[in-house]
Amino acid sequence: KAVVSTQSTGTQASTMSVAIILLALFGLSSSTSILCTDYGKDLGGSSDGYYARPVPQQCRHNDRNGWRPTFRITQPMSECRNGYRPFKNSCFKEVRVPDTPYDDAERMCNRDQAHIWLPNTNEENDWVRRSVITNGKPYYVGIFCAKQQTEDLNKMYTVSGEDMRLITPRLRARMRPGQWIDDSRKVCVTMSRDDDNAYNWTSRCNNWAVVCEAPRKL
């Protein structure tokens, strides 16, 4: 009986050791995942973070050789400079780009470690319209494509990888009735300072101006 008891105790100890190892491995895996999804928060992004929901592979700008936004900011601004103005955790700058395609406008912002601006809150939206945008002409918005034709902002993707499903509830914005985007033919969205917070699809993806948004460290 003593031998049987010893073997049973040894088996239980081994089982517990294996369980502890598995829990440790699982915990390490979970911790790694959390670090990845929190990457954007370190850049001063919104609560959902930059690059939390990247543009899917199927989304392509057919009129621009199948372009898809893939740039990621690696060096956020420590302070707003070169014409950028501060608001909360980001810097904003208007860039006039007459007849410039959407992808070229995004690259202009990328050179400053920035993306085409996407309003995150009503407060930010109102401030940029009042303090950065200088006229009522169309401006690009940092929305790029949806997997299928839709007017629903929640189903759209962004150049910054921010999650529209989290942004939409805190922002009074919508697509204008009858305006929609998809994954290849209609992928670009515009807004103007003096409209009623309604976004429009733009046919040629050639626009007048853009606001670049650069996150900064605080």
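**Close-up views: disulfides, cores and salt bridges**

The link of Cys-59 and Cys-145 is right-handed, with 85 degrees about the S-S bond. This is a predicted model, in which local features need pLDDT of at least 70 and side-chain atom pairs count only at pLDDT 80 or more, while totals for chains, interfaces and linings use all residues. Residues are numbered from 1 along each chain as its sequence is written, and side-chain values use heavy atoms, with hydrogens and water left out.

**View A. The disulfide of Cys-59 and Cys-145.** The sulfur atoms of this pair lie 2.1 Å apart; a disulfide here is a pair of cysteine sulfur atoms within 2.5 Å. The bond links distant parts of the chain, 86 residues apart: Cys-59 is in the loop between H1 and S1, and Cys-145 is in strand S4. (Helices, H or I of at least four residues, and strands, E of at least two, are DSSP runs numbered from the N terminus.) Cys-59 is buried at a relative accessible area of 0%, and Cys-145 is buried at 0% too. Buried means under 20% relative accessible area, exposed means over 50%, and partly exposed is in between (1.4 Å probe, protein chains only).

**View B. Two left-handed disulfides, Cys-80 with Cys-91 and Cys-109 with Cys-212.** The count of disulfides comes to three. Cys-80 and Cys-91 have their sulfur atoms 2.0 Å apart, with -85 degrees about the S-S bond. Cys-80 lies in the loop between H1 and S1 and Cys-91 in strand S2, so this bond ties together parts that are 11 residues apart in sequence. For Cys-109 and Cys-212, the sulfur atoms are 2.0 Å apart and the angle about the S-S bond is -75 degrees. Cys-109 sits in helix H2 and Cys-212 in strand S9, so the pair joins parts 103 residues apart in sequence. Both Cys-109 and Cys-212 are buried.

**View C. The largest nonpolar core, with 26 residues.** A nonpolar core is a set of buried Ala, Val, Leu, Ile, Met, Phe, Trp, Tyr and Cys residues joined through side-chain atoms within 4.5 Å. Phe-92, Val-128, Ile-143, Leu-153, Tyr-199 and Val-211 have the most contacts inside this core. Among the elements that each supply at least two of its residues are helix H3 (122–131) and strand S9 (206–215), while S4 gives the largest share, four residues. Leaving aside neighbours within four places in sequence, Val-211 has contacts (heavy atoms within 4.5 Å) with residues including Phe-92, Trp-117, Val-128 and Tyr-139. A second, separate core of 23 residues includes Cys-91, Cys-109, Phe-144 and Ala-214.

**View D. Salt bridges of Asp-104, Glu-123 and Arg-96.** The whole structure holds 12 salt bridges, each a side-chain nitrogen of Lys or Arg within 4 Å of a carboxyl oxygen of Asp or Glu. Asp-104 pairs with Arg-64, the closest N and O atoms being 3.3 Å apart. Asp-104 is in helix H2 (residues 102–111) and Arg-64 in the loop between helix H1 (2–37) and strand S1 (85–87), so parts 40 residues apart in sequence are tied together. Glu-123 meets Lys-88 at 2.8 Å between the closest N and O atoms. Look, too, at Arg-96 and Glu-94, whose closest N and O atoms are 3.8 Å apart: Arg-96 is exposed at 52% relative accessibility, whereas Glu-94 is buried at 18%.
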